[in-house]
Amino acid sequence: MARVIFDEERCKGCKLCVSVCPKSIVVVKEDKLNTKGYHPAGVNEMDKCIGCAFCAIMCPDCAIEVEK
Ligand code: SF4
Ligand code: SF4
């Protein structure tokens, strides 16, 4: 199973990663704020991740790492 790690402090909540995930499992956590004041992205159902790394490639802030 693949694992996706988000650096929440680097994230600026732009949602580019949300838009490219083919499994629609990347979400912006509306109930959370990082120290810059953005809602950070994360994955809700990690067991559905296929490890395609589209989210990591798309992130302009290199805030996502995918482990296979
Ligand atoms: S690696 Fe692919 S399937 Fe997994 S969260 Fe990122 S975009 Fe979605
Ligand atoms: S693409 Fe990067 S900066 Fe934008 S919401 Fe996703 S993790 Fe955050």
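## The nonpolar core

Let's start in the middle of this predicted model: its largest nonpolar core holds 13 residues. Val4, Phe6, Cys17, Val26, Cys55 and Ile64 have the most contacts inside this core. Two elements each supply two or more of the core residues, namely strand E1 (3-6) and strand E3 (41-43).

Leaving aside residues up to four places away in sequence, Val26 touches Cys17, Val18, Cys21, Ala41, Val43 and Cys55. Among these partners, Cys17 and Cys55 also belong to the group with the most contacts inside the core.

Strand E1 has two faces: Val4 and Phe6 make up the covered one, while Arg3 and Ile5 make up the uncovered one.

E1 pairs with strand E4 (residues 64-67) in the antiparallel sense, over four bridges. If you follow Ile5 across to E4, you will find Glu65 as its bridge partner.

## Around the two ligands

Ligand 1 is surrounded by 17 residues, and the closest are Cys21, Cys49, Cys52, Phe54 and Cys55. This shell consists of 15 nonpolar residues, one polar and one charged.

Ligand 2 has 14 residues around it, with Cys11, Cys14, Leu16, Cys17 and Cys59 the closest. Its shell divides into ten nonpolar residues, one polar and three charged.

Note on methods
Residues are numbered from 1 along each chain as its sequence is written. Chains are lettered from A and ligands numbered from 1 in the order in which they are written. This is a predicted model: local features need pLDDT of at least 70, side-chain atom pairs count only at pLDDT 80 or more; totals for chains, interfaces and linings use all residues. A residue is near a molecule or strand if its C-beta atom, placed from the backbone, lies within 6 Å of it. Ala, Val, Leu, Ile, Met, Phe, Trp, Tyr, Cys and Pro count as nonpolar, Asp, Glu, Lys and Arg as charged, and the others, Gly among them, as polar. A nonpolar core is a set of buried Ala, Val, Leu, Ile, Met, Phe, Trp, Tyr and Cys residues joined through C-beta atoms within 7 Å. A residue is buried if 20 or more other C-beta atoms lie within 10 Å of its own, exposed if 12 or fewer, and partly exposed in between; C-beta atoms are placed from the backbone. Two residues are in contact if their C-beta atoms, placed from the backbone, lie within 7 Å. Two strands pair if DSSP finds at least two bridges between them.
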